[in-house]
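Me: Please show me the structure, so that we may go through its annotated sites by question and answer.

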Amino acid sequence: MTNELYMRRCLELAKMGNGQVSPNPLVGCVIVCDDQIIGEGYHKKFGEAHAEVNAINDVFKNHGDNAPALLANATAYVSLEPCAHFGKTPPCADLLIKHRLKKVVIGNTDPFADVNGKGIEKLHNAGIKVETGILQNECSYLNRRFFTRIKQQRPFIILKWAETANGYFAPKNTAQQWISGPLAKKLVHKWRTEEDAILIGKQTAIADNPQLNTREWPGKNPVRIIIDRNLQLPINSHIYNNDAKTIIINEIKTEVQNNVHFIQMEDMQYYLPQKIAFQLYLMDIQSVIIEGGANILNQFIQGNLWDEARVFTSANSWTDGISSPIINGIITEEHYIEKDKLTIYKNNPNK
């Protein structure tokens, strides 16, 4: 129970890096001596110090000259296996060995090839006790984006849409018509801060002229991705502004114009979701939220290329419209956001 208590604190800390560390994993670290937390830290931003570094620095900040002796009698709890390789920063396993910690308790091993067991091996070889698998499922869920990218060579894919009570997704004409309420919109903007990218199709871009930013929630704007096969989107569209990096996937050209990157893709009528997923993987985009339209969403559903779906259902009905996508997944959460019902599904890997 004590191990689980400290590991839960690691998870709380790790979540604080959400939206800032991709394509690195979210990691939290707690250092304990004589049943007291003497330091803690998390990975705050990509390219900056890892969780273990921040936790050890916290011990020195809190305990000054006593820090070395405390660390030599301490246990480090870390939600993911300490890295064993030189990347943007030195190996965290070496740092724990340098400070002669007595024991390291780990939530998950790291599937990344340069780590995957090597951090644990280093600690063992240095005489440090290692315990693994503490809250393993919770730690895996926290880093589901990172694990998907490493294991499946694609980003974690989230589908999102709103539908009426009687199953309509959008009006049949091109007029924009809101289905969900203002609080749901604010929540969607929060979600955008947590993902690397957001993707829509050309028809949605023309009909709604969306900004695809996070103006209703503090945080970074995601990379905007537009599927525009023949480059028909008007140049004065909002997605051509300077709010965020924008990727236009098309069949015409590969070119960079300021923050807009045109990426040419052949034969977009075939296996488009698979091609997009691999292209985003090559660009180190670890997660993407797909906000429509119905055609793009259905292509990803039919290709079984999705991990999570977030569906708002309004209390209102329409007399006519475009039918919403049909999703078959495992319901993991249901909430009411004002009058809108939010249902969250995860893909069933066994189907």
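Reply: Buried means under 20% relative accessible area, exposed over 50%, and partly exposed in between (1.4 Å probe, protein chains only). This is a predicted model, in which local features need pLDDT of at least 70 and side-chain atom pairs count only at pLDDT 80 or more, while totals for chains, interfaces and linings use all residues. Residues are numbered from 1 along each chain as its sequence is written, and side-chain values use heavy atoms, with hydrogens and water left out.

Me: Is W178 buried or exposed?
Reply: W178 is found in the loop between strand 7 (168-170) and helix 8 (182-194); helices (H or I, at least four residues) and strands (E, at least two) are DSSP runs, numbered from the N terminus. Its relative accessible area is 54%, so W178 counts as exposed.

Me: Which residues does W178 contact, leaving aside its neighbours within four places in sequence?
Reply: Contact means heavy atoms within 4.5 Å. With neighbours within four places in sequence left aside, the contacts of W178 are K185 and W318.

Me: Where do A162, W178, T204 and D208 gather?
Reply: An unreviewed UniProt entry places the feature "binding site" at these positions, A162, W178, T204 and D208; UniProt positions are given in the numbering used here, feature names are shortened, and annotations may be inferred rather than shown by experiment. They span 47 residues in sequence, yet no two of their C-alpha atoms are more than 14.3 Å apart, so they gather at one spot.

Me: What is the relative accessibility of D208?
Reply: D208 belongs to helix 9 (residues 202-208). D208 counts as partly exposed, because its relative accessibility is 29%.

Me: What is the largest C-alpha distance among H50, C83 and C92?
Reply: H50, C83 and C92 are also listed by UniProt, in an unreviewed entry, under "binding site". Although these residues are spread over 43 residues of sequence, they cluster in space, with a largest C-alpha distance of 9.2 Å.

Me: Is C83 buried or exposed?
Reply: C83 sits in the loop between strand 3 (75-80) and helix 4 (92-98). Its relative accessibility is 8%, and therefore C83 is buried.

Me: Which residues does C92 contact, leaving aside its neighbours within four places in sequence?
Reply: C92 lies in helix 4 and is buried, with a relative accessible area of 1%. Apart from neighbours within four places in sequence, C92 is in contact with H50, E52, V53, P82 and C83.
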